[in-house]
Amino acid sequence: MLDVRRLRLLCDLSRLGTIAAVAQAHTYTASAVSQQLSALEREAGVALLERTGRRVTLTPAGNVLVEHAVTVLAALERTTAALAAVRSGLSGPLRIGAFPTAVRTLLPEALVELGRHHPGLELMVTELDPVDVPAALRERRLDVGLVHDYDVVPDSPDPALDATPLLDETVFLAVPARSAHTTLDDVRDAAWIVAGPGTLCHTATLRICGAAGFAPRARHQADDFATVLALVAANQGVSVVPALAAAQPPDGVRLIALPTRRRNRIAYRRGAAAHPAIAAFVTAIRARAGVSGLPSAPHTTRIIG
């Protein structure tokens with residue numbers, strides 16, 4: 001019989017590439033991970049790993065087992081969801097991960113609604129950049145998470161996760177209100193306020209500007225969009241912001257709608273969609289997204305094409 005916990009370790013090794021990274025993700029020692037994987041090989045009766053010095057790679061049999069393990073883990077999630085569905089009432093922890101703009105705009109009222117209808121749920125929110133949410137779901141540090149991508153930075157499907165659409169947003173070029181800028185081409189030589197390297201927003205800004213034929217000249221770095229808009233209002237530069245972050249822009253900011261879209265989704269482990277707690281969260285957050293305040297016409301200039 002194959003041990004499920006060891007199957008998870010093998011899947012993580014396939015994804016992360018090194019035993020050290022797997023150990024760090026699970027707060028194990030590298031030696032403990034190696035021992036568990038060796039035990040899995042004995043259970044499988046076939047070599048799953050090839051070791052060359054300090055390097056470890058999966059054998060063809062290891063890759064086959066990872067492929068089937070994803071299906072097994074999803075089946076276990078569906079089983080857990082089915083058992084939860086026969087209990088009376090929802091209770092216990094629901095660990096939610098979300099990016100900062102969602103934490104400020106969408107989550108508070110959704111949490112209030114969940115608490116009103118399901119007082120037995122222990123709602124626990126962690127603020128995370130969307131690039132960190134998938135790993136937290138796979139490693140079972142989260143039960144559900146809000147993620148997004150941009151049409152200029154599409155996300156790659158993850159076989160271990162499922163997702164349902166939440167909200168598509170317009171992306172805006174934020175410029176000082178008194179500036180004469182009306183297009184991306186107007187700001188190719190301007191100072192820019194960008195997010196930190198490695199974040200999705202930083203990559204999206206580079207892609208948006210690159211498609212317009214230039215690289216942004218970064219003067220300031222800020223990950224919080226409220227800070228970004230305050231700096232724009234102070235005539236410190238221009239930036240790219242999604243609609244949720246610009247629902248109430250400060251005085252001194254003008255928003256120019258770009259053709260780019262940010263696509264928000266609700267993510268969870270594959271097989272967990274029917275879990276009552278996750279289904280309740282999906283219902284609550286989608287209801288809130290349907291009434292979210294987005295930038296109003298007086299603040300915006302629209303660019304077509």
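The legends below accompany several close-up views of a predicted model.

**View 1. The protein is divided into three stretches of structure named domain 1, domain 2 and domain 3.**
Domain 1 covers residues 4–84, whereas domain 3 covers residues 169–261. Domain 2 is written in two parts, 89–162 and 263–290. Taken over C-alpha atoms, the centres of domain 1 and domain 2 are separated by 26 Å.

**View 2. Domain 1 and domain 2 are in contact with each other.**
On the side of domain 1, 11 residues take part in this contact, and they meet 13 residues of domain 2. The size of an interface is often given as the accessible area lost when the parts come together. For domain 1 and domain 2, the area buried between them is about 1,100 Å², and 55% of that area lies on carbon and sulfur atoms. Between these two domains there are also three salt bridges.

**View 3. Salt bridges join side chains in this model, and the structure holds 19 of them.**
In one of these, the side chain of R269 meets that of E77, with a distance of 2.7 Å from N to O. In another, the side chains of R116 and E113 meet at 2.5 Å, again given from N to O. Both R116 and E113 belong to helix α6 (residues 107–117), where they are three residues apart, which is about one turn of the helix.

**View 4. One cavity of 30 Å³ or more is found in the structure.**
Rolling a probe the size of a water molecule over the atoms shows where empty space is left. The largest cavity has a volume of about 90 Å³, and the residues that line it include Y150, I193, C201, D223, F225 and S239. By class, its lining is made up of nine nonpolar, two polar and one charged residues. At least two lining residues come from each of the strands β7 (191–194) and β9 (239–242), and likewise from each of the helices α8 (200–211) and α9 (225–233).

Key: Residues are numbered from 1 along each chain as its sequence is written. This is a predicted model: local features need pLDDT of at least 70, side-chain atom pairs count only at pLDDT 80 or more; totals for chains, interfaces and linings use all residues. Side-chain values use heavy atoms; hydrogens and water are left out. On a 1 Å grid over the protein atoms alone, a cavity is a set of points where a 1.4 Å probe fits but cannot get out, and a pocket is an open set with protein on both sides within 12 Å along at least five of seven lines; lining residues have an atom within 4 Å of a point. Grid points are joined across faces, edges and corners, and a volume is the space filled by probe spheres set on the points. Helices (H or I, at least four residues) and strands (E, at least two) are DSSP runs, numbered from the N terminus. Ala, Val, Leu, Ile, Met, Phe, Trp, Tyr, Cys and Pro count as nonpolar, Asp, Glu, Lys and Arg as charged, and the others, Gly among them, as polar. Domain bounds come from an automatic or database domain assignment. Contact means heavy atoms within 4.5 Å. Buried area is the accessible area (1.4 Å probe) that two parts lose on being put together, summed over both. A salt bridge is a side-chain nitrogen of Lys or Arg within 4 Å of a carboxyl oxygen of Asp or Glu.
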